[in-house]
Amino acid sequence: MSESTVSENYDLRLYRSLFDAAGDAIIVSSVQGLAIECNQATLELFACTREQIIGSSPISWSPEFQPAGRRSDEMAAEVFARAKAGEVVRFEWENRRSDGKPLPVDVTVRFARLEGDERYVVICRDLTERRQVEALRQDALDRFRQLTQLVPGVVYQFRLRPDGSSCMPYVSGAFREMFGLTANEVREDATKALMRAHPDDVEGLMASIQMSAKDMTPWQHEYRLKVDDGTEHWVFGNSLPQRDVDGSVLWHGFITDITERKQAEAALIESEERWKFALEGAGEGVWDWNIQTGDAVYSRRWKEMLGYAEGEIGNNSSEWSSRVHPEDMPKVMAAIQAHIDGKTRSAAIEFRMFCKDGTWLWTLGRGMVVSRDANGKPLRLVGTNADVTERKATADKIERLAFYDPLTDLPNRRLLLDRLEQALSSSTRHHRYGALMLLDMDDFKTLNDTLGHDVGDQLLVEVTSRLQAAVREGDTVARHGGDEFVVILEDLSEDTLAATQAENVAVKILHVVSQPYLLDLTLREGLTNKRSYHCTSSIGITLFRGHSLSADELMRRADTAMYQAKAGGRNSLRFFDPEMQAVVAARATLDSDLREAVREGQFCLYYQPQVDSAGNRTGAEALVRWRHPRRGLVPPVEFIPQAEATGLIIPIGRWVLETACAQLVAWEDLPKMSHLTVAVNVSARQFRHGDFVDQVLAIIDGTGVNPQKLKLELTESLLLDDVEDIITKMTVLKARGIGFSLDDFGTGYSSLSYLKRLPLDQLKIDQSFVRDVLTDPNDAAIARTIVALAQSMGLAVIAEGVETEAQREFLAANGCTAYQGFLFGRPMPQGEFSQPTGATAREA
């Protein structure tokens with residue numbers, strides 16, 4: 001191998017490694033828009049295999065319409081055209097994963113010529129997490145804005161960009177009154193707000209901001225404001241900085257008007273008389289401390305803040321320091337010392353003070369040295385204490401709303417993910433298992449619908465209490481939303497015993513949750529009592545150790561296991577099984593494909609002959625097939641159960657019936673086909689649909705078919721409930737000439753009590769009995785019994801699944817004269833079925 005060939009192979013491997021290592025999904029498409037190459041991130045993003053991507057178009061992974069209302073195929077065609085014209089097109093797009101879940105992505109499309117071939121390069125980035133974060137942020141911001149209207153002063157955000165420019169993304173309503181500016185005037189540019197500072201204070205203000213940004217320390221600063229009417233106000237700003245990924249610094253904080261306090265402080269310094277007046281008139285607590293003697297003078301307001309009357313507290317600095325919270329005292333002394341040493345213009349600190357009634361009062365204390373001796377040693381410190389308890393409580397409430405569920409006071413989704421990440425890190429460090437449980441209340445919606453959301457909330461609060469009592473102190477219980485709860489168990493065993501430990505906790509939870517609840521109904525109009533209510537839950541469990549799986553993947557696994565528990569009968573638990581995930585993904589893909597098949601009309605009908613004792617065709621059974629664009633012809637056994645489960649059987653069944661009737665009309669013009677009847681299978685869900693009878697009659701009238709040539713095949717499972725409704729519907733359709741056959745007779749309900757009441761025309765011997773009718777005495781006896789029963793009730797009988805001459809002879813000998821099966825013909829397209837063969841398959 002030549003040196004150039006080796007180099008080329010190395011380059012190819014290198015480029016492929018880089019291609020697959022990319023964090024974003026990259027798809028290379030042909031000029032027709034079909035994928036011809038993709039990287040590993042694409043498969044992870046769409047939760048699919050390479051075979052599913054290659055050869056597919058963007059439309060096959062997209063809903064019919066984008067959120068803006070435009071058709072996906074129209075938008076895709078426009079994007080590719082723009083890209084081919086040389087534009088790099090970037091936009092947001094709504095996709096669907098292979099499991100059917102929505103997939104919002106940021107897409108960039110480029111047109112390229114690669115070695116003479118024209119290609120589109122499509123790069124997709126997952127926007128799911130960003131949109132979730134944006135929604136959480138918006139919700140918290142809305143709550144924050146409501147609360148800030150109650151806070152005295154201005155609540156604000158201030159952003160300093162790397163280029164030195166600034167803006168104020170948010171200011172509360174008090175901003176306009178304080179600064180004389182609207183929120184819109186400073187949202188993108190904070191220059192006007194900064195220019196409101198007194199010219200003598202601008203330099204100090206900007207220096208304090210720059211220092212806070214440099215050291216990422218809390219910003220606190222006093223300065224004067226000049227508003228349009230020429231008046232000046234002293235304000236105090238207090239905020240905490242955080243650095244964003246773009247290098248900018250964002251402060252969150254408060255600005256309060258301290259004009260009155262500053263005036264009081266100035267008055268204290270100017271004269272003793274004015275000082276005494278300020279002691280009595282200031283709204284904040286004012287104090288004067290003789291540093292040398294320790295004596296202090298406190299205003300009446302300061303004493304009232306602590307709950308004392310005049311004379312109940314002494315005038316000594318120890319009376320103040322003894323009431324400072326022990327945890328806060330070091331910070332207070334450090335702030336005073338920094339000011340005494342000349343490092344700050346004033347001593348300012350928030351701390352807690354002990355009140356007479358035993359409570360703690362949050363106060364903002366500010367002090368300033370107003371006199372020094374000849375050596376610069378401080379002699380006198382004066383200042384104020386402001387009650388900021390309400391403001392602190394508001395700030396704490398804002399933070400709690402961002403991380404805790406307001407109903408149950410449990411961690412919300414945002415805090416849950418943080419706790420889960422911490423649990424994963426702890427599991428990595430200690431090499432021990434943890435468990436994630438997702439719990440869902442069974443039939444909770446019924447409770448809400450019947451007794452109201454207020455009663456439902458009572459239940460959720462009680463469930464919260466029981467869950468917290470059922471786990472260890474270090475474990476996490478969170479509300480995931482609605483009636484779903486999450487439990488994180490940490491520090492389980494190092495081996496498989498962890499599964500047993502998790503199961504024991506889950507069993508305990510199932511037990512406590514299923515105990516009766518006493519719900520107060522007095523909030524419901526007309527109800528004045530309490531009611532005992534019983535509710536169960538379903539739990540999905542997945543184990544983890546280390547960071548081998550992401551938090552999102554663990555949540556998906558627990559969710560899958562939880563739904564498996566519900567499917568298994570509820571009030572139970574299930575552990576996640578990787579095979580279970582594959583089944584769920586396949587079901588989601590099938591569901592998505594089925595919906596597309598209904599929209600695109602991908603179904604067709606096959607017809608299997610039904611013959612009499614002489615082998616002459618008397619009719620056919622219409623059997624639906626699915627022409628899948630990638631899988632080819634799909635038999636009904638692979639998609640009918642899913643269609644039943646999702647309700648798609650309704651439109652599919654309607655199409656089958658309408659198509660079969662139209663075919664009957666077409667055969668009317670063919671002499672050898674005009675006598676044929678067609679049997680159409682009707683599912684239980686389709687038959688129970690409220691307007692089924694109206695649909696059938698509308699199809700009869702719309703196609704002009706002779707209803708006496710139409711036969712509806714019902715299964716025994718239909719007869720399990722509401723037989724009266726079934727009889728009523730059958731009677732109405734029977735009056736129009738439509739016939740009925742009971743399919744799969746003998747395999748299900750098998751009660752004779754309803755047969756004499758149903759307007760049936762025919763019983764059908766199931767192929768499971770016909771298959772072994774020559775070798776199994778029980779099957780032979782059942783077949784003979786069905787024939788005898790039909791004859792005694794004046795019903796026709798037909799056997800399906802007849803594959804051999806011997807089977808036909810046995811059935812004929814026992815009185816069965818109509819047959820269906822491979823011996824007489826396989827299901828075939830109508831074109832092939834309509835060919836004049838001149839003989840049945842058996843005769844041929």
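Patches here gather residues with over 30% relative accessible area and no salt bridge, joining nonpolar side chains (Val, Leu, Ile, Met, Phe, Trp, Tyr) within 5 Å and like charges within 9 Å. Areas come from the Shrake-Rupley method with a 1.4 Å probe, and a salt bridge is a side-chain nitrogen of Lys or Arg within 4 Å of a carboxyl oxygen of Asp or Glu. Leu 18 sits in helix α1 (residues 3–21) and is exposed at 53% relative accessible area (exposed is over 50%, buried under 20%, partly exposed in between). Helices are DSSP runs (H or I, at least four residues).

There is a charged patch too: Glu 129, Asp 418, Glu 421 and Asp 552 form a negative one. Asp 418 belongs to helix α16 (residues 413–430) and is partly exposed, at 38%.

Helix α17 (residues 444–451) has Phe 444, Leu 447, Asn 448 and Leu 451 buried. These lie on the same side of α17, because they cover an arc of only 100° around the axis, taken from the directions from the helix axis to the C-beta atoms. Lys 445 and Asp 449, on the other side of α17, are exposed.

As for Leu 45 in helix α2 (residues 40–46), it is buried at 9% relative accessibility.

Residues are numbered from 1 along each chain as its sequence is written. Since the model is predicted, local features need pLDDT of at least 70 and side-chain atom pairs count only at pLDDT 80 or more, while totals for chains, interfaces and linings use all residues; side-chain values use heavy atoms, without hydrogens and water.

Conventions: Lys, Arg positive; Asp, Glu negative; His and termini not counted. Charge placed at Lys NZ, Arg CZ, Asp CG, Glu CD. Helix = DSSP H or I, 4+ residues; strand = E, 2+ residues; numbered from the N terminus. Buried < 20%, exposed > 50% of the residue type's maximum accessible area, 1.4 Å probe, protein only.
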